[in-house]
Amino acid sequence: AYESFLSELKKRVKPSLFKSAFKDMKLAERSDERILLQVKDSVLKEVIEKNLRPVVEEAAKKVFGPVKVEFTVPSEPVKTPQPQQLELGLFKKSQKKEEELQSNLNPKYTFENFIVGTSNQFAHAAALAVAENPGKAYNPLFIYGGVGLGKTHLMQAIGNYIKKKSPWKKVIYVTTETFMNQLIEALKSDNISSFREKYRNIDVLLIDDIQFIGGKERTQIEFFHTFNALYDAGKQVVLTSDRPPKDIPTLTERLRSRFEWGLIADIQPPDFETRVAILKRKAELEGIEVSDKVIKLIATIIKSNIRQLEGALIKLKAKATLEGKPITERLVRELFSQESPEERAEKRRREISLKLIKTTVSSEFGVDEELLLSSSRKKQVALARQVAMYLAKRIGNYPYTQIAAAFNRDDHTTVLHAVRKVEELRKRDEKINQLLEKLELKVREEVERSS
Ligand code: ADP
Ligand code: MG
């Protein structure tokens with residue numbers, strides 16, 4: 001039964017997540033009322049309990065029936081903590097050097113400023129666990145994901161968190177490229193021993209974009225030794241990459257396997273809700289005034305890259321300031337209408353949206369779709385029709401004539417009239433307003449899903 005429980009779990013999570021969270025899980029106890037699952041350590045237990053409990057319960061229910069699910073960890077002797085004095089002693093001796101050590105951390109990249117959604121919650125929980133327990137939670141932590149999805153932000157949040165809690169700790173953030181250049185420089189100037197001293201006597205090494213180490217033989221050898229020195233001393237190593245270790249070309253086997261020793265966590269592109277939340281936070285941070293509608297529109301146009309999402313807000317603000325106008329949906333369209341792949345996708349979405357608006361409105365009002373196109377003057381039908389026209393204008397931004405044609409009218413002023421009428425209703429009638437907000441969101445999400 002445990003095997004089929006595992007395969008139920010496998011169906012419900014991505015393979016990478018399954019591997020990092022459930023691979024070593026064991027069934028410790030089982031009764032009619034509950035199952036007790038044993039996971040590797042208390043940190044993983046916490047991560048699973050916080051983020052993955054519903055999936056586990058679902059899978060358990062399927063196989064074991066309605067049982068209670070509990071987690072435990074192996075009872076092993078607690079590692080003796082480092083004697084306090086030793087740490088204090090080191091602190092004093094190295095204080096002077098510490099002042100010279102550059103952490104290279106950007107103070108903006110904190111956990112507080114990081115919005116958590118389903119696409120990044122596992123990586124976020126893992127990063128937080130590492131920040132709270134450096135060297136002891138997961139070592140190394142390997143975060144991977146596409147461009148502009150928050151890898152550098154999360155990694156530096158770990159560094160900032162540790163520095164804030166334990167200012168004496170030596171944290172270095174470095175890109176793989178800088179690490180490489182410093183190494184080359186050190187080799188050239190016969191200074192390799194100070195390079196080694198620098199990187200082997202720190203508490204936390206954050207090394208960004210490790211995929212660039214592929215093919216760089218000398219750097220791989222040096223980094224291998226750096227890694228071992230830190231790892232053996234119980235120091236934390238965090239790595240990011242645009243792909244998992246197994247996909248980094250010409251990476252020596254021994255490095256690859258080390259990258260896989262700890263925890264591998266991926267970040268996926270953000271979903272609609274998360275994009276909206278990020279835009280709101282960013283607007284707040286930058287003091288940019290922008291309505292929810294505009295934010296939702298931006299989140300609909302720009303989908304896969306958080307850096308572009310932020311860039312869009314900045315661009316909008318600059319343009320609006322220049323022209324002394326507020327940021328409107330029109331401005332958003334104006335500014336991003338030239339933008340190629342996304343704009344093309346948006347066009348496609350618009351095409352889909354007319355059809356979707358008709359079905360959504362018809363089911364919401366309980367009015368047959370055919371009636372929307374008919375000439376029926378019944379109150380409920382007329383209202384539904386007007387709402388559909390209004391949404392077509394609002395969401396699809398079609399020309400009036402085209403909307404008229406889509407609803408079997410020859411006269412485009414009918415549409416104009418409908419849009420105005422609904423606009424007015426929205427102002428007067430809070431119920432209608434809420435209904436429209438709900439419909440808009442529903443259609444936008446539907447369009448998203450199907451494009
Ligand atoms: P990557 O290193 O994956 O290419 P970055 O960490 O540089 O991406 O993120 C790009 C930008 O997006 C940064 O300004 C970062 O602060 C922001 N960002 C990414 N993810 C989030 C998030 N979840 N919440 C808030 N801001 C985010
Ligand atoms: Mg980065």
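Q: In this predicted model, how do you know that the length of helix H7 agrees with its number of residues?
A: Helix H7 comprises the 15 residues 151-165, and at 1.5 Å a residue these should span 21 Å. The C-alpha atoms at its ends lie 22 Å apart, and therefore the two values agree.

Q: What makes H7 a mostly covered helix?
A: A residue is called buried when its relative accessible area is under 20%. Eleven of the 15 residues of H7 are buried, and the helix is accordingly described as mostly covered.

Q: Which residues of H7 are buried?
A: The buried residues of H7 are Lys151, His153, Leu154, Met155, Gln156, Ala157, Ile158, Gly159, Asn160, Ile162 and Lys163.

Q: Why is Gln236 called buried?
A: Gln236 belongs to strand S7, residues 236-241. The relative accessibility of Gln236 is 0%, and the limit for a buried residue is under 20%; Gln236 therefore counts as buried.

Q: What makes the approach of the Gln236 side chain to Gly135 a polar contact?
A: A polar atom of that side chain lies 2.7 Å from the backbone nitrogen of Gly135, and the cut-off for such a pair is within 3.5 Å. The side chain of Gln236 also reaches the backbone oxygen of Tyr138, at 2.8 Å.

Q: Which residues does Gln236 touch, not counting residues up to four places away in sequence?
A: Gln236 touches Val130, Asn133, Pro134, Gly135, Lys136, Tyr138, Asn139, Pro140, Leu141, Asp203, Val204 and Leu205.

Q: Where is Gly262 placed, and with which residues is Gly262 in contact beyond its neighbours within four places in sequence?
A: Gly262 sits in the loop between helix H11 (253-259) and strand S8 (263-267). Beyond those sequence neighbours, Gly262 is in contact with Asn139 and Pro140. Gly262 and Ala137 are 125 residues apart in sequence, while their C-alpha atoms are 8.7 Å apart in space.

Q: How do you know that S1 and S2 pair?
A: Two strands pair if at least two bridges are found between them. S1 and strand S2 (residues 34-38) have four bridges, in the antiparallel sense. Leu27 stands opposite Leu37 in S2.

Q: In what order do the three strands of the open sheet stand, and what is their pairing?
A: The order is S1-S2-S3, and the pairing is mixed.

Q: Why are strands S1 and S3 called edge strands?
A: Strand S1 (26-30) and strand S3 (68-72) each pair on one side only, and this makes them the edge strands. From one strand to the next, the twist averages 30°.

Notes. Residues numbered from 1 in each chain as written. Chains lettered and ligands numbered in written order. Predicted model: local features only at pLDDT ≥ 70, side-chain atom pairs only at ≥ 80, totals over all residues. Heavy atoms only, no water. Helix = DSSP H or I, 4+ residues; strand = E, 2+ residues; numbered from the N terminus. Expected span 1.5 Å × (residues − 1). Buried < 20%, exposed > 50% of the residue type's maximum accessible area, 1.4 Å probe, protein only. Contact = heavy atoms within 4.5 Å. Axes fitted to C-alpha atoms, helices over the stretch in contact; angles between N-to-C directions. Polar contact = N/O pair within 3.5 Å; in protein donor to acceptor, adjacent residues only side chain to side chain.
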